[in-house]
Amino acid sequence: MPTSKVPDCAACGQACCRYVATEIDRPTCKRDYDNIRWYLRHANVFVFRDHDGKWYLEFETRCEALGEDGFCTAYETRPKICREHGHAAEGCEFHSGHPPHDVRFETAEAFERWLDARGVDWRWARL
Ligand code: SF4
Ligand code: SF4
């Protein structure tokens, strides 16, 4: 996370401070697939699966504590999740070259193609 001591965060444009992600259930049924299709119909909402097989809903939104100079304006009281995140000097996902996801969807169509490629029956019967 951006600190006054780790200017390397400028290299990725402070990516960590521009989204939030929350874990969701691994999709296993038509209702789950449909919910993900619905999430992905919304602007700035994405879905990804990490390298441990956990699924996440991601919202692209800038933290209001991120200063215009790229540094955290709430550094002393920043949330624990920010404190625990490895910063550039420790090899974060940006500098290590390893993205946090093994698959990520930006559109409902991309998710549908991914399901189709795996032979998943996600379509509801027409009413
Ligand atoms: S810790 Fe890494 S990914 Fe996060 S803002 Fe800094 S350089 Fe970017
Ligand atoms: S509190 Fe600070 S370190 Fe945490 S996301 Fe916001 S700007 Fe980044």
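# A tour of the chain

Of the chain's 127 residues, 31% count as buried. The model is predicted. Keep that in mind at every stop.

**Stop 1: the whole chain**

Show the chain as a cartoon. Look for four helices and four strands. Starting at the N terminus, the order of the elements is β-α-β-β-α-α-β-α. Now switch to a surface. The chain exposes about 8,500 Å². Carbon and sulfur atoms supply 51% of that area.

**Stop 2: helix α1**

Select residues 30-40, which form helix α1. Which residues of α1 are buried? They are Y33, D34, I36, R37 and L40. These residues cover an arc of only 160° around the axis, so they lie on the same side of α1.

**Stop 3: helix α4**

α4 is followed by G119, which has a positive phi near 70°.

**Stop 4: the nonpolar core**

How many residues does the largest nonpolar core have? It has 15 residues. Select I36, L40, V47, W55, F105, F111 and W114, which have the most contacts inside this core. Color by element next. α1, β2, β3, β4 and α4 each give two or more residues to the core. The largest share, four residues, comes from α4. In soluble globular proteins, nonpolar side chains tend to be buried together.

**Stop 5**

Start with F111. Leaving out residues up to four places away in sequence, F111 touches Y33, I36, R37, L40, W55 and F105.

Move to W55, in strand β3. Is W55 buried or exposed? Buried means under 20% relative accessible area. W55 has 3% relative accessibility, so W55 counts as buried. Draw a distance from the C-alpha of W55 to the C-alpha of H101. The two atoms are separated by 9.1 Å, although the residues are 46 apart along the chain.

Now pick E112, in helix α4. E112 counts as buried because its relative accessibility is 13%. With residues up to four places away in sequence not counted, E112 touches R37, R41 and W122.

**Stop 6**

First, the background. Most residues other than glycine have a negative phi. Now select Q14, in the segment before β1. Q14 is not a glycine, yet its phi is positive, about 55°. Q14 is buried because its relative accessible area is 10%.

Then select N44, in the loop between α1 and β2. N44 is not a glycine either, and has a positive phi of about 65°. Is N44 buried or partly exposed? N44 has a relative accessible area of 42%, so N44 is partly exposed.

**Stop 7**

Go to E64, in the loop between β3 and α2 (80-84). E64 is exposed because its relative accessible area is 81%. Draw one more distance, from E64 to A74. Their C-alpha atoms are separated by 9.5 Å. The two residues are 10 apart along the chain.

**Stop 5: ligand 2**

Last, select ligand 2 and show what lies around it. How many residues surround ligand 2? There are eight. The closest are C17, C63, L66, C72 and C82. The shell divides into eight nonpolar residues, no polar ones and no charged ones.

Key: Residues are numbered from 1 along each chain as its sequence is written. Chains are lettered from A and ligands numbered from 1 in the order in which they are written. This is a predicted model: local features need pLDDT of at least 70, side-chain atom pairs count only at pLDDT 80 or more; totals for chains, interfaces and linings use all residues. Side-chain values use heavy atoms; hydrogens and water are left out. Buried means under 20% relative accessible area, exposed over 50%, partly exposed in between (1.4 Å probe, protein chains only). The arc is that of the directions from the helix axis to the C-beta atoms. Accessible areas come from the Shrake-Rupley method with a 1.4 Å probe; for residues, only the protein chains shown count as cover. A nonpolar core is a set of buried Ala, Val, Leu, Ile, Met, Phe, Trp, Tyr and Cys residues joined through side-chain atoms within 4.5 Å. Contact means heavy atoms within 4.5 Å. A residue is near a molecule or strand if one of its heavy atoms lies within 4 Å of it. Ala, Val, Leu, Ile, Met, Phe, Trp, Tyr, Cys and Pro count as nonpolar, Asp, Glu, Lys and Arg as charged, and the others, Gly among them, as polar.
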